[in-house]
Amino acid sequence: MEKPYYSLSEYLKGKFGERVYKISVNGGFTCPNRDGKKGVGGCIFCNEQGSGEHTLEGDITRQMEDGIAFAKAKNKGNKYIAYFQNFTSTYAPVNILRQKYAAALVNEKVVGLAVATRPDCIDEDVVKVIKEVANNRLAWVELGLQTANENTAKIINRQYSNAEFTAAVKLLNEYNIPVVVHLIVGLPNENFSDILNTVKFLNDHKIDGIKIHSLFVLKNTPLEKLYLGGKYTPIDRDFYIKCVAEILARIPKNVVVHRLTGDGDKLQILAPQWTMEKKKNLNAVYSYMVKNNLTQGCNCTK
Ligand code: SF4
């Protein structure tokens, strides 16, 4: 079935003429919300992997080489994107960032550099390094937003403001670096109108991509304590499907959809169990959209 939204695989295929495989790299960063600069506990859902899943470890060049060997063996593609995923992948002095990013661009088959970070860890020097190292490769930056509701942001201990998010997007726009935004559905106390308000806020920005996932409870996180203490109830699948479909219907058609489901470590996820049924969840999003005659952007008022 043709997807009712503009997927990352479609975008990459259109750009490079073939399948492109993203290799997650652990750059060995930490996070200002963990090392004490902004906070020590981290966002309530984040565990000791720093919101990175399935990443390799150790020397960055080696991680890329291992990732490429894996992709070749599994026939996953012949071009690659180095994706700095864990923690805050711009949180280091620029000379260190330069070395780390360059170490991932191991050959000309690595056609892109993707960097995930927090909006308060983006400034002009960082942006210039990303541009410089990527050179003529594709580069994008992923920014956490999760929600535009600043009360929820306090509850999840996000420790940056919506204004910082706006400033980071503006700066990246000025340097023509595509921005991919992370949203979470199912945050504590949030309902459907919170989701719609977040989309409204997002549509006041120029963004290029979106990643959506449901909040899941990972072991050894502050959220685990809330969940076990009965203070947090995960959402159900139907609510998630509805939210995802309605978000897609409201964002512009040209925004690339990088992800619609979480992809957490099954051994670490306590709840909700349905979140691990990736294929079923994706099919449910397609079905909801078809049934309700929705396609990406059909209700976008931007
Ligand atoms: S900003 Fe990212 S790495 Fe830092 S605590 Fe929050 S989720 Fe974890």
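The model is predicted, so local features need pLDDT of at least 70 and side-chain atom pairs count only at pLDDT 80 or more, while totals for chains, interfaces and linings use all residues. Residues are numbered from 1 along each chain as its sequence is written, and side-chain values use heavy atoms, with hydrogens and water left out. Helices (H or I, at least four residues) and strands (E, at least two) are DSSP runs, numbered from the N terminus.

**Nonpolar cores**

- A nonpolar core is a set of buried Ala, Val, Leu, Ile, Met, Phe, Trp, Tyr and Cys residues joined through side-chain atoms within 4.5 Å. Buried means under 20% relative accessible area, exposed means over 50%, and partly exposed is in between (1.4 Å probe, protein chains only).
- The largest nonpolar core contains 67 residues, and Tyr101 and Leu248 have the most contacts inside it. Helix α9 (residues 237-250) gives the most to this core, with 8 residues.
- A second, separate core has 14 residues, including Tyr11, Leu12, Ala116 and Val180.
- Contact means heavy atoms within 4.5 Å. Not counting residues up to four places away in sequence, Tyr101 touches Phe29, Phe84, Ser89, Thr90, Leu113, Val115, Val129, Ile130 and Val133.

**Terms for helix packing**

- Axes are lines fitted to C-alpha atoms, for helices over the stretch in contact, and angles run from 0 to 180 degrees between N-to-C directions.
- Angles under 35 degrees count as roughly parallel, over 145 as roughly antiparallel, 65 to 115 as roughly perpendicular, and the rest as oblique.
- A crossing is right-handed if the near helix is turned clockwise from the far one by less than a right angle, and left-handed if anticlockwise.
- For residue classes, Ala, Val, Leu, Ile, Met, Phe, Trp, Tyr, Cys and Pro count as nonpolar, Asp, Glu, Lys and Arg as charged, and the others, Gly among them, as polar.

**Helices α3 and α4**

- The axes of helix α3 (residues 94-104) and helix α4 (residues 124-134) come within 10 Å and cross at roughly 30°. That angle makes α3 roughly parallel to α4, and the crossing is right-handed.
- On the α3 side, the contact involves Val94, Leu97, Arg98, Tyr101 and Ala102; on the α4 side, Asp125, Val126, Val129, Ile130, Glu132 and Val133 take part. By class, this contact has 8 nonpolar, no polar and 3 charged residues.

**Helices α7 and α9**

- Helix α7 (residues 192-202) and α9 have axes that come within 10 Å and cross at roughly 25°. The two helices are therefore roughly parallel, and their crossing is right-handed.
- Phe192, Ile195, Leu196 and Val199 of α7 meet Phe239, Lys242, Cys243, Glu246, Ile247 and Arg250 of α9. These residues divide into 7 nonpolar, no polar and 3 charged.

**Helices α9 and α10**

- α9 packs against helix α10 (residues 278-291) at an angle of about 55°, with the axes 9 Å apart. The pair is therefore oblique, and the crossing is right-handed.
- From α9, the contact uses Arg237, Ile241, Lys242, Val244, Ala245, Glu246 and Leu248; from α10, it uses Lys280, Asn281, Ala284, Val285, Tyr288 and Met289. The classes are 8 nonpolar, 1 polar and 4 charged.

**Two single residues**

- Gln146 is in strand β4 (residues 138-146) and counts as buried because its relative accessibility is 12%. Leaving out residues up to four places away in sequence, Gln146 touches Phe45, Ile156, Tyr160, His182, Leu183, Ile184 and Leu187.
- Phe239 is in helix α9 and is partly exposed, with a relative accessible area of 23%. Apart from neighbours within four places in sequence, Phe239 is in contact with Val185, Asn191 and Phe192.
- Phe239 and Leu270 are 31 residues apart in sequence and 19 Å apart in space, C-alpha to C-alpha.

**Backbone details**

- Most residues other than glycine have a negative phi, and most peptide bonds are trans.
- The peptide bond from Ala271 to Pro272 is cis, with omega near -10°. Pro272 is in the loop between β9 (269-271) and α10.
- Asn176 is not a glycine, yet its phi is positive, about 55°. Asn176 lies in the loop between α6 (162-174) and β5 (179-185) and counts as exposed at 63% relative accessibility.
- Asn220 also has a positive phi, near 60°. Asn220 lies in the loop between β7 (217-218) and α8 (222-228) and is exposed, with a relative accessible area of 53%.
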